[in-house]
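Please look over the sequence and the model shown below.

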Amino acid sequence: VYDTSTQVRVLGTPSIDGKLDDDDLAVNYGQANFTDKNAGNSKTVNFSGFSLSGQDAANYTLSSQPASVLADIEKRPVTIVGVDADDKIYNGTVDATVITNENVQIVNNLDGENLSYVRGKAAFSDKSVGTDKLVSFTEFTLSGSSSSNYVLESQPANVTANITPKSITIINIFVENKPYDGLNTAKILPGASLAGLISGDD
């Protein structure tokens, strides 16, 4: 997994080509390095610092280091934490406003400011009024000069926010004129409407 280093662990037990059967000869492990630190598949690994040891080592010379091999550097998984969502007044949609500030962090980031994120979208679980409603996020992505070495493991999560009721008013309400009848009642005429009602709501 990408770790900003080119160094890689040497695996396996090497054999010595050209060693006589009864001689005491062994290999001192050296090190292995990728040609660069960046994530990728089938990257060349070069070896250096390998040497010979044992009672008969003086009778041999190591003609070359082990041949280069291929290996992968996997992208480093990261997550984005600290993202929040704003409360809102009911508007008939699930849309939520993403809040990002200095509290947002990319967990497992080894490259500091060279790895950043692009803010995505947020949505409530449903459109209805309620408190501590679950908010989900989509379309957050990674950016920056080192972003190709990382993979966003999941979208931000575990965020709640509130949807509060929307205020509406009754308009265009009229009553019918009437002759005096000793009562304080009045007949309301049809035609009243609600100002602020969301289109499509019943």
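**Salt bridges and charged side chains**

K127 has a relative accessible area of 36% and is therefore partly exposed, where buried means under 20% relative accessible area, exposed over 50%, and partly exposed in between (1.4 Å probe, protein chains only). The model is predicted: local features need pLDDT of at least 70, side-chain atom pairs count only at pLDDT 80 or more, and totals for chains, interfaces and linings use all residues. Residues are numbered from 1 along each chain as its sequence is written, and side-chain values use heavy atoms, with hydrogens and water left out.

- The whole structure holds five salt bridges, a salt bridge being a side-chain nitrogen of Lys or Arg within 4 Å of a carboxyl oxygen of Asp or Glu.
- One of them joins the side chains of K127 and D201, at 3.5 Å from N to O.
- Strands (E, at least two residues) and helices (H or I, at least four) are DSSP runs, numbered from the N terminus.
- D201 counts as partly exposed because its relative accessibility is 23%.
- D126 forms a salt bridge with K133, and the closest N and O atoms are 2.8 Å apart.
- In that pair, D126 is partly exposed at 32% relative accessibility, whereas K133 is buried, with a relative accessible area of 10%.
- K178 and D181 form another salt bridge, with 2.9 Å between the closest N and O atoms.
- K178 is partly exposed, with a relative accessible area of 38%, and D181 is partly exposed at 40%.

**D111, a buried charge**

- D111 lies in the loop between β12 (105-107) and β13 (116-118).
- D111 is buried but has no salt bridge, and the nearest side chain of opposite charge, K37, is 4.3 Å away. For charge, Lys and Arg count as positive and Asp and Glu as negative, while His and the chain ends are not counted.
- Apart from neighbours within four places in sequence, D111 is in contact with Y2, T4, K37, S146 and Y150, contact meaning heavy atoms within 4.5 Å.

**Strand pairing**

- Three strands form an open sheet in the order β12-β7-β17, with mixed pairing. Two strands pair if DSSP finds at least two bridges between them.
- β12 and β17 stand at the edges with a single partner strand each, so one side of each has no neighbour in the sheet.
- From one strand to the next, the twist averages 40 degrees. Axes are lines fitted to C-alpha atoms, for helices over the stretch in contact, and angles run from 0 to 180 degrees between N-to-C directions.
- β7 and β17 run parallel and are joined by three bridges; the bridge partner of V78 in β17 is L152.
- β1 (residues 7-8) pairs with β3 in the antiparallel sense over two bridges, and Q7 stands opposite N33 in β3.
- β3 and β4 also run antiparallel, joined by four bridges, and a hairpin of five residues connects the two strands.
- N33 stands opposite N46 in β4.

**Nonpolar core**

- The largest nonpolar core has 28 residues, of which I80, V83, V135, F137 and F140 touch the most other members. Such a core is a set of buried Ala, Val, Leu, Ile, Met, Phe, Trp, Tyr and Cys residues joined through side-chain atoms within 4.5 Å.
- At least two residues of this core come from each of β3 (31-34), β4 (40-48), β7 (76-81), β14 (121-124), β15 (130-138), β17 (150-152) and β18 (159-164).
- β18 gives the most to this core, with three residues.
- Leaving out neighbours within four places in sequence, V135 is in contact with A85, A96, A122, A123, F124, V159, T160 and A161.
- In soluble globular proteins, nonpolar side chains tend to be buried together.

**T169 and its contacts**

- T169 is in strand β19 (residues 169-171) and is partly exposed, at 46% relative accessibility.
- Not counting residues up to four places away in sequence, T169 touches S193, L194 and A195.
- T169 and S193 are 24 residues apart in sequence, and their C-alpha atoms are 8.4 Å apart in space.
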